[in-house]
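Hi,

Here is the structure I promised to pass on. Have a look at it first, then read my notes below with the picture open beside you.

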Amino acid sequence: MKSLLLVTNVVSLLFKPDHTLHAKCLRIAAGNELLISFMTRAELLLWPRQNIWGPNRTKELSKHIGLFTTLLPDESTCEHWAAIITESRSVGRTITTADAWIAAAARQWDLPLVTLDYKDFEHLPNLTLVPVP
């Protein structure tokens, strides 16, 4: 049975087959339905603009992004985001706005969060993390 997984920066490693962690990410992703936060999608869409990619590579990235279902925010996502920011501050941890949106989506939909940046999220309760070793 397929599991739903929310992936973060793992998306970028799945786009880079030569990366040393590509195979590990592929094993985690295999057989599962992969979702991304709107925030992850926005960050990926920034790459071609920021790095002045040509049309071919931009098209490849667009096809890659199309493999993932994007979760869009709603009022509940906003409530989770505010709670995550507050929880982080209350324990003296900083969390980026982008990471808080990603965590909010994971928490809202009760999805395991697959990330290379485990330490950025480990302080958050009610969040299932799948670290990439």
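**What I found**

At 9% relative accessibility, H64 counts as buried. One thing to keep in mind from the start: this is a predicted model. H64 is part of helix α4. If you skip its neighbours within four places in sequence, H64 is in contact with V11, L14 and F15.

There is another histidine to look at, H22, in helix α2, which covers residues 22-29. H22 is buried too, since its relative accessible area is 13% and the cut-off for buried is under 20%. Leaving out residues up to four places away in sequence, H22 touches L13, L14, K16 and P17. You'll notice that L14 turns up in the contacts of H64 and in those of H22.

**The aromatic rings**

A pair of aromatic rings is described by two things, the distance of the centres and the angle of the planes. Searching the whole structure gives 5 aromatic pairs. Take F15 and W53 to begin with: their ring centres are 6.2 Å apart and their planes sit at 15°, so this pair is stacked. Planes have to be under 30 degrees apart for that label. The pair joins distant parts of the chain, with F15 in helix α1 (residues 10-15) and W53 in the loop between α3 (38-51) and α4 (55-65), 38 residues apart. Both F15 and W53 are buried.

Now try F38 and W101. Their centres are 5.4 Å apart and their planes are at 70°, so here the pair is edge-to-face. This pair also links distant parts of the chain: F38 belongs to helix α3 and W101 to helix α6 (residues 97-108), 63 residues apart. Are these two buried or exposed? F38 counts as partly exposed because its relative accessibility is 23%, while W101, at 16%, counts as buried.

F15, W47 and W53 make up one aromatic cluster. The charged end of R57 also sits over the ring of W53, 4.1 Å from the ring's centre.

**A walk along helix α3**

How well does the span of α3 agree with what its 14 residues should give? At 1.5 Å a residue, the helix should span 20 Å, and its end C-alpha atoms are 20 Å apart, so the two agree.

At the start of α3, a side-chain oxygen of S37 comes to within 3.0 Å of the backbone nitrogen of M39. The buried residues in α3 are M39, T40, L44, W47 and P48. An α-helix has 3.6 residues a turn, so residues three or four places apart point the same way. After α3 comes I52, with a positive phi near 50°.

Most residues other than glycine have a negative phi. D110 has a positive one, near 50°, and it is not a glycine. You'll find D110 in the loop between α6 and β4 (113-115), and at 65% relative accessibility it counts as exposed. N126, also a residue other than glycine, has a positive phi near 55°. N126 is in the loop between α7 (118-121) and β5 (129-131), and its 67% relative accessibility makes it exposed.

**Cysteines, and the beginning of the chain**

A disulfide is a covalent bond between the sulfur atoms of two cysteines. How many did the search of the whole structure find? The count is 0. As for individual cysteines, C25 is buried, with a relative accessible area of 0%, whereas C78 is partly exposed, at 32%.

Finally, go to K2, in the segment before β1. K2 counts as exposed because its relative accessibility is 58%. For a distance to check on screen, K2 and L26 are 24 residues apart in sequence and 15 Å apart in space, C-alpha to C-alpha.

Enjoy exploring, and write back with any questions!

Key:
Residues numbered from 1 in each chain as written. Predicted model: local features only at pLDDT ≥ 70, side-chain atom pairs only at ≥ 80, totals over all residues. Heavy atoms only, no water. Phe/Tyr/Trp six-rings, centres within 6.5 Å; stacked < 30°, edge-to-face > 60°. Helix = DSSP H or I, 4+ residues; strand = E, 2+ residues; numbered from the N terminus. Buried < 20%, exposed > 50% of the residue type's maximum accessible area, 1.4 Å probe, protein only. Lys NZ or Arg CZ within 6 Å of the ring centre and 35° of its normal. Contact = heavy atoms within 4.5 Å. Expected span 1.5 Å × (residues − 1). Polar contact = N/O pair within 3.5 Å; in protein donor to acceptor, adjacent residues only side chain to side chain. Disulfide = S-S within 2.5 Å.
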